[in-house]
Amino acid sequence: MDQAAKLRELINSRRMYSKQIATHNENSTKDARIICVTSGKGGVGKTNFTINLGMELTKLNNRVVIIDADLGLANIDVILGTVPKYTLLDVIHNDKSLDEVMINGPNDIKIISGGSGVLELVDMSLASIQQLIEKLNSINNYADIILIDTGAGLSNSVLSFVLSAQEIIIVTTPEPTSITDAYAMIKTINLKDKNKKIKVIVNRVENITEGNIAFEKLNNASKRFLSMNLEKLGHIFDDNSVSKSVKKQRPFTMEYPNSIASKNIKNIAIKLVNDVTFESSNAFDNFFKKLVNFLR
């Protein structure tokens, strides 16, 4: 074989290797990104934020599934004016498929009502849990991003979701009680897992300065007492369009897309999408297994 033939063989070999790598990457399992939205106290606008964040994420070409995991006061369906026929409980006990449990929201958002089904996991056998995980794994066919709307406070179920998720967003307001409760949540998370990255949203601010001050209070306390840096994901202005939309049971980003609150949400969604530091391999499987362990 002459030198030119050897060179052609080398080039063809490298091309074939590159093709094999590309095929492998295309076939590799990529799970949806799992983001848990929580708060230290109720009434800070967490659920409304979750829905509207989902709306903006779909506009950025992401498929979004929202899991309503507020077991005590689930109200995503109330805010959107929809009533789910089935919940996660029906997947567990009534052999319903994911397709039957999910309902369609605006902008093609899919919504799953957790109901009390999550607590049923505590009493399930490992074999049944694995079957359930395999059934729910098809959620990756519908989602690039899964938003989990937890309850508020430090209950075991809330912390189980928070500690199982890849990413955590804590919603607070500038009010001292809200900041205090948000810090209590951050402190508890830090005690359980010091490596968790926490993003913070300051809702209902009068101006940017107020939002910055509220975040710095939280971040300074976290750095001083927990040796932990928080990430400021953004702020949302106190805006009448939000309450008007709630009364209409419509997302404010849809009803008032040019409002200041809608623009704030858009900026937050863009910042979130540009953050690509998360792991996507087997994320859902890992999330569910962690959730079961924490609940038990």
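This report walks through a predicted protein model, from its overall make-up to single residues.

## The whole chain

The protein has 296 residues, and 50% of them count as buried. Its secondary structure comes to 14 helices and eight strands. Residues 24 or more positions apart account for 80% of them.

Start with helix α2, which runs over residues 46-59. How far apart are its end C-alpha atoms? They are 20 Å apart. Helix α2 has 14 residues, and at 1.5 Å a residue it should span 20 Å, so the two values agree.

Is α2 enclosed by the rest of the structure or open? Of its 14 residues, 13 are buried, so the helix is largely enclosed by the rest of the structure. Just after α2 comes asparagine 61, which takes a positive phi of about 65°.

Helix α8 covers residues 156-164 and is mostly covered too: eight of its nine residues are buried. The buried set is Ser157, Val158, Leu159, Ser160, Phe161, Val162, Leu163 and Ser164. Two of these names, Phe161 and Ser164, return below as contacts of phenylalanine 287.

An α-helix has 3.6 residues a turn, so residues three or four places apart point the same way.

## Strand β6

Strand β6 spans residues 167-172, and threonine 172 belongs to it.

Is threonine 172 buried or exposed? Threonine 172 has a relative accessible area of 0%, which is under the 20% cut-off, so it counts as buried. Glutamate 167 has a relative accessible area of 6%, so by that cut-off it is buried too.

Each of these residues has a side-chain partner. The side chain of threonine 172 makes a polar contact of 2.8 Å with the side chain of serine 178. The side chain of glutamate 167 makes a polar contact of 3.3 Å with that of lysine 199.

What else touches threonine 172, leaving aside its neighbours within four places in sequence? Its contacts are Ser178, Ile179, Ala182, Val200, Ile201, Val202, Asn203 and Leu218. Serine 178 is therefore both a contact and a polar partner of threonine 172.

Phenylalanine 287 sits in helix α14, residues 283-295. With a relative accessible area of 4%, it is buried. Leaving aside neighbours within four places in sequence, phenylalanine 287 is in contact with Ile34, Ile148, Phe161, Ser164 and Ala165. Phenylalanine 287 and isoleucine 34 are 253 residues apart in sequence. Their C-alpha atoms are 8.2 Å apart in space.

Proline 106 lies in the loop between β3 and β4. Its C-alpha atom is 9.8 Å from that of threonine 58, which is 48 residues away along the chain. Leaving aside neighbours within four places, proline 106 is in contact with Met55, Leu80, Pro251 and Met254.

## Loop residues with positive phi

## Space inside

Rolling a probe the size of a water molecule over the atoms shows where empty space is left. How many cavities of 30 Å³ or more does the model have? The count comes to two.

The second largest cavity holds about 50 Å³ of space. Its lining is made of Asp68, Ile76, Asp77, Thr82, Pro84, Ile103, Ile111 and Ser113. The elements that give two or more residues to this lining are α3 (76-80) and β4 (110-113). By class, the lining has four nonpolar, two polar and two charged residues.

How values were computed: Residues are numbered from 1 along each chain as its sequence is written. This is a predicted model: local features need pLDDT of at least 70, side-chain atom pairs count only at pLDDT 80 or more; totals for chains, interfaces and linings use all residues. Side-chain values use heavy atoms; hydrogens and water are left out. Helices (H or I, at least four residues) and strands (E, at least two) are DSSP runs, numbered from the N terminus. Buried means under 20% relative accessible area, exposed over 50%, partly exposed in between (1.4 Å probe, protein chains only). A polar contact is a pair of N or O atoms within 3.5 Å; within protein, one must be able to donate a hydrogen and the other to accept it, and residues adjacent in sequence count only if both atoms are side-chain atoms. Contact means heavy atoms within 4.5 Å. The expected span of a helix is 1.5 Å times one less than its number of residues. On a 1 Å grid over the protein atoms alone, a cavity is a set of points where a 1.4 Å probe fits but cannot get out, and a pocket is an open set with protein on both sides within 12 Å along at least five of seven lines; lining residues have an atom within 4 Å of a point. Grid points are joined across faces, edges and corners, and a volume is the space filled by probe spheres set on the points. Ala, Val, Leu, Ile, Met, Phe, Trp, Tyr, Cys and Pro count as nonpolar, Asp, Glu, Lys and Arg as charged, and the others, Gly among them, as polar.
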